[in-house]
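Dear colleague,

I am passing on a structure that you have not worked with before. Please look through it first, and then read the notes that follow.

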Amino acid sequence: MRMPRPSLPFGRSNGKDERSESLAEFLREETTGGKLLLAATAIALLWANLAPGAYEQIWGAELGPHWLHLHLPVAAWVSDGLLAVFFFVAGMEVKRELTVGELAGWRAAALPLLAAAGGMIVPALVALAVSGGRAADGGAWAVPVATDIAFALGVLALAGSALPAGVRVLLLSMAVIDDLGAIALIAVLFTQGLNLLWLLAGLALCGAYWLAQRHRRTPLPLMIPLVVAAWVCIHASGVHATVTGVLLGLLTPVVAGPGEKESPAERLEHRLHPISAGLIVPLFALAAAGIGLGAIGTAVSDPIAQGIFFGLLVGKVVGIFGGAYLAVRLRLASLPSGVGWADVLPVAVLGGIGYTVSLLIARLTTDDPVAAEHAATSVLAASFIASAVGLVLLRLRTRAHS
């Protein structure tokens, strides 16, 4: 979902600093994020099947104080706490794209906007139809609306560099809007027992963060307690705590001020993206992707799991391609230079890679561990099939463009 960043300054005298910067740059590569996700998923599957008791014991162990609903399982600390950093980075990237990036202006945003809208609406309808309406329970219809951009860009990178640049831009732009929609759904659907006082306190702290960033007078070490306090208040309000991340990301300035070489958002992304892509997202996959092999057989007959599976594999393709076609047909937008409809099809297929956000939503839709495991199984199966089919289609297009 991120745009290319300038290379880091190398050639420092301190060899340790050079190695640290090189590692950070390595972790920023899209292919690296995809590989780490795959590795974490493989480890989680092996762990959950070879030592299921240890897997459940570690991720189910509860930590934290009992006040303010902060006594949570380790898996919840990862999904509610650490994943907020992932959404913080996503929020900054969304704001940059809408302000100074590929989505600045209505004409620029029309194609990915309608493609993303179709890629959210159609999968939800497919999930409801295939499940016979059962996906309405707990909001399971929302599971297939999300696209995992790190995984999708990793597959795109494996296809080679002969594809038009517009293919990557379209995928990036669509994913930016998709992320906004998925985050909004999390905020609306999974808010329980809303406490307005805590919410107002959290929003006030977010406002204080905005003022501090606007005036550029608060050093980073002093910002951390402010950010943590905002997270605690919004978590205590009943709104899913990851929403704090995107709110703070959207409030971070993306335009450099007078005398600044880079904006606050660029500086924070530079520091946080390696942590998000290289540690937090793989750690979430490790906590969420541990599915017993027995769940595969039972998930096949689960109507909700079927709805999620076909929502990702069929609904995403039809919705994204149909939305893009509608945007061009209505003359609201045009395809990027050098991009044809045969290039849009693999982008639509890659949209079926749900993974990170889909797994998060799957965990939120039910308290039944069996139902959650079935939903996660369908997300993983659809994501891997979409990856394989998308890679084949992209390589065929690569040959056609060569």
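Of the contacts in the protein with a separation of 6 or more, what share comes from residues 24 or more positions apart? Such residues account for 80% of them, where contact means heavy atoms within 4.5 Å.

Please keep in mind that this is a predicted model, in which local features need pLDDT of at least 70 and side-chain atom pairs count only at pLDDT 80 or more, while totals for chains, interfaces and linings use all residues. Residues are numbered from 1 along each chain as its sequence is written, and side-chain values use heavy atoms, with hydrogens and water left out.

The protein holds 16 helices and two strands, these being DSSP runs numbered from the N terminus (H or I of at least four residues for helices, E of at least two for strands). Its radius of gyration, taken over C-alpha atoms, is 21 Å, close to the 21 Å of the globule rule for 402 residues, so the protein is as compact as a globular protein of that length; the rule is 2.2 Å times the number of residues to the power 0.38. Of the 402 residues, 50% count as buried, which is to say under 20% relative accessible area, with exposed set at over 50% and partly exposed in between (1.4 Å probe, protein chains only).

Four salt bridges were found, each a side-chain nitrogen of Lys or Arg within 4 Å of a carboxyl oxygen of Asp or Glu. In one of them Glu269 pairs with Arg96, their closest N and O atoms being 2.3 Å apart. Glu269 belongs to helix H11 (residues 264-288) and Arg96 to helix H4 (residues 74-99), so this pair ties together parts that are 173 residues apart in sequence. Glu269 is buried, at 0% relative accessibility, and Arg96 counts as buried too, at 14%.

Another salt bridge joins Lys316 and Asp178, with 3.0 Å between the closest N and O atoms. Since Lys316 lies in helix H13 and Asp178 in helix H7 (residues 165-189), the pair ties together parts 138 residues apart in sequence, and both Lys316 and Asp178 are buried.

A further salt bridge brings together the side chains of Asp343 and Arg397, at 2.9 Å from N to O. This pair links distant parts of the chain, with Asp343 in helix H14 (residues 341-350) and Arg397 in helix H16 (residues 369-401), 54 residues apart.
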